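Subject: Structure handover

Hello,

Here is the structure I said I would pass on. My notes on it follow below.

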Amino acid sequence: DRVSCFKYLGVHISEDMTWTSHAAALVSKVRQRLYHLRQLRKFRVSQRILQCFYSAAVGSILSGNITIWFGNCSAQDKKALQRVVRSAERTMGTTLAPLQELYIRSCNSRANKVMGDPFHPSN
């Protein structure tokens, strides 16, 4: 049996090696969490709780394996992902880091870990 897309370790891999299916899955999952964020805002919880919820429920989804897929995402996929981040910004009434910045921070962090590990094969 041949499948067009499968999920491996939380990453959707398609047969054409694009990240469109993964980005669409992330957008769908984040939109579900944004509903809960809007409900929290409706209940007038503090800004700190909204930020904690965003970090735990939304930010963790967007940053998961970001070093693997974000660099090769199409501009259209990046735009759709950034759109849900802007939606969260409007809901929370604050500014959030763009995904590009999150990607760069994650890549730098991973590179520093590799460089700091004397037993890593790249050293």
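A disulfide is taken here as a pair of cysteine sulfur atoms within 2.5 Å. By this rule the count comes to 0 disulfides. Please keep in mind that the model is a predicted one.

Cysteines

Cys73 is in no disulfide: the nearest cysteine sulfur belongs to Cys107 and is 12 Å away. With a relative accessibility of 7%, Cys73 counts as buried, because the cut-off for buried is under 20%. Cys52 is partly exposed, its relative accessible area being 43%. Cys5 has Ser14 as its bridge partner in strand 2.

The hairpin

Strand 1 (residues 5-8) and strand 2 (residues 11-14) run antiparallel and are joined by 4 bridges. Besides the bridge between Cys5 and Ser14, Phe6 stands opposite Ile13 of strand 2. The hairpin has 2 residues between the strands, and Leu9 takes a positive phi near 55° there.

Helix 2

Where is the kink in helix 2 centred? The kink, of about 40°, is centred on Ser55, in a helix that covers residues 47-63. The buried residues of helix 2 are Leu50, Tyr54, Ala57, Val58, Gly59, Ile61 and Leu62. An α-helix has 3.6 residues a turn, so residues three or four places apart point the same way. Just after helix 2, Asn65 has a positive phi of about 55°.

Aromatic rings

A pair of aromatic rings is described by the distance of the centres and the angle of the planes. How many aromatic pairs does a search of the whole structure find? The search finds 2. In one of them, the ring centres of Trp69 and Phe70 are 5.8 Å apart and the planes are at 70°, so the pair is edge-to-face. Trp69 and Phe70 are both buried. Phe70 also pairs with Tyr103; this pair is tilted, with 5.2 Å from centre to centre and 45° between the planes. Why does the pair of Phe70 and Tyr103 tie together parts that are 33 residues apart in sequence? Because Phe70 lies in the loop between helix 3 and helix 4, whereas Tyr103 lies in helix 5.

Through these ring pairs, Trp69, Phe70 and Tyr103 are linked into a cluster. The relative accessibility of Phe70 is 3%, so Phe70 counts as buried. Tyr103, at 18%, counts as buried too. Phe70 has a charge over its ring as well: the charged end of Lys78 sits there, 4.8 Å from the ring centre.

Thr91

One further residue from helix 4 is Thr91. Is Thr91 buried or exposed? Thr91 is buried, and its relative accessible area is 7%. Leaving aside residues up to four places away in sequence, Thr91 touches Leu37, Arg38 and Arg41.

Summary

In short, the model has a kinked helix 2, an antiparallel pairing of strand 1 with strand 2, a ring cluster of Trp69, Phe70 and Tyr103, and 0 disulfides.

Regards

Key:
Residues are numbered from 1 along each chain as its sequence is written. This is a predicted model: local features need pLDDT of at least 70, side-chain atom pairs count only at pLDDT 80 or more; totals for chains, interfaces and linings use all residues. Side-chain values use heavy atoms; hydrogens and water are left out. The bend at a residue is the angle between axes fitted to the seven residues ending there and the seven starting there. Buried means under 20% relative accessible area, exposed over 50%, partly exposed in between (1.4 Å probe, protein chains only). Two strands pair if DSSP finds at least two bridges between them. Rings of Phe, Tyr and Trp (its six-membered ring) pair if their centres lie within 6.5 Å; planes under 30 degrees apart count as stacked, over 60 as edge-to-face and the rest as tilted. A charge sits over a ring if NZ of Lys or CZ of Arg is within 6 Å of the ring centre and within 35 degrees of the ring normal. Contact means heavy atoms within 4.5 Å.
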